[in-house]
Amino acid sequence: MSEPTVRVGAVDCGTNSIRLLVADIDPETRVLTDVLRRMEIVRLGYGVDRTGVIDPEAMERTLRVTREYAAQCRELGAERVRFVATSASRDARNAADFIDGVRAAFLEHWGAEVTPEVVTGSEEAALSFSGATGGLAAQGVPGPYLVVDLGGGSTEFVRGTDAVEAARSVDVGCVRMTERHLVSDPPTAAEIAGATRDIDAAIDEAAAVVPFEGVRALVGLAGSVTTITAHQLRLPAYDPKAIHLSHASTAEALAASADLLAMTKADRAALPYLHPGRVDVIGAGALVWSRIIERVAAVAGITEVITSEHDILDGIALSQVP
């Protein structure tokens, strides 16, 4: 007799967004079936790179959404919940206030405390890899894979086929590079050059630990990459099903990235698939992604990139069912 499915809640709280997945997981096959996915742009990491603390308004925005997520976990009958917090709450001096706020939100609205886990870069990488690669083998995509999770404050590089072989998290992301470099609208050549130096140095750092040689598939995750893919596909509206496991030539992905980087904020805001919260940071995300594509193509000879809508959020959900 097969075991019944387990309903879990997973929260991924990053630098730019906070996301919720409530899903049913089959303990035997580890097949994950969505019940609910949500994403809100809260900018928890706004200014952390400059000030070292979480902005009070950003913290309250994030805790308000956390209370909503906790209530939805209760309403949908999630038996277990895991809350993973990444770069901003790892770096900030007042991270303890945020952690206390999350515990209180779940105690009140879900019925039990949930403590946010401020994961290390290597843990974050393993969760991303687990979530991202589930559908690749079924699609006939051979490994080894290089999974790149491009976030707001950090980017994770993970190599493996059936499991993680090497991983490295580096401190470049769409929010961090926007705040540090790309302040003009559109960004100037000098700003782009400064950001490129930081990005290339971070890629060097990652490549020293995670070999790019022999990679068969480059897989991009998270909002910057999925938005670039939506732009490349010229979707009439954001469509996760059209984006998930879509393939693009390296030339197509680089052209879409260059286009978004060169646009004004007003032009970006007019795009039907671009979330308003990404308007000011997608240029930096596009620059990071383009530099990674160019480096991996030069070293490994890849001619296409794959975009996955499944990422650390799916990995957080799967981790709750041994």
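How many disulfides does a search of the whole structure find?

Mentor: Zero: going through the whole structure turns up no disulfides. Keep in mind that this is a predicted model. Take C13 to begin with: its closest cysteine sulfur belongs to C73 and sits 14 Å away, which is too far for a bond, given that a disulfide needs the two sulfurs within 2.5 Å. Seen from the other end, C73 is in no disulfide either, with the sulfur of C13 as its nearest cysteine sulfur at 14 Å.

Now for helix 4, residues 95-109. Its 15 residues should span 21 Å at 1.5 Å a residue, and the end C-alpha atoms are 21 Å apart, so the two agree. The buried residues in helix 4 are A95, F98, I99, G101, V102, A105 and F106. They take up an arc of only 160° around the axis, so they lie on the same side of helix 4. An α-helix has 3.6 residues a turn, so residues three or four places apart point the same way. After helix 4 comes G111, with a positive phi near 110°.

Last stop, T133, which lies in helix 5 (residues 121-133). Its relative accessibility is 13%, and because the cut-off for buried is under 20%, T133 counts as buried. A polar atom of the T133 side chain lies 2.8 Å from the backbone oxygen of F129. Setting aside neighbours within four places in sequence, T133 is in contact with Y145 and V147.

Technical notes:
Residues are numbered from 1 along each chain as its sequence is written. This is a predicted model: local features need pLDDT of at least 70, side-chain atom pairs count only at pLDDT 80 or more; totals for chains, interfaces and linings use all residues. Side-chain values use heavy atoms; hydrogens and water are left out. Helices (H or I, at least four residues) and strands (E, at least two) are DSSP runs, numbered from the N terminus. Buried means under 20% relative accessible area, exposed over 50%, partly exposed in between (1.4 Å probe, protein chains only). A polar contact is a pair of N or O atoms within 3.5 Å; within protein, one must be able to donate a hydrogen and the other to accept it, and residues adjacent in sequence count only if both atoms are side-chain atoms. Contact means heavy atoms within 4.5 Å. The expected span of a helix is 1.5 Å times one less than its number of residues. The arc is that of the directions from the helix axis to the C-beta atoms.
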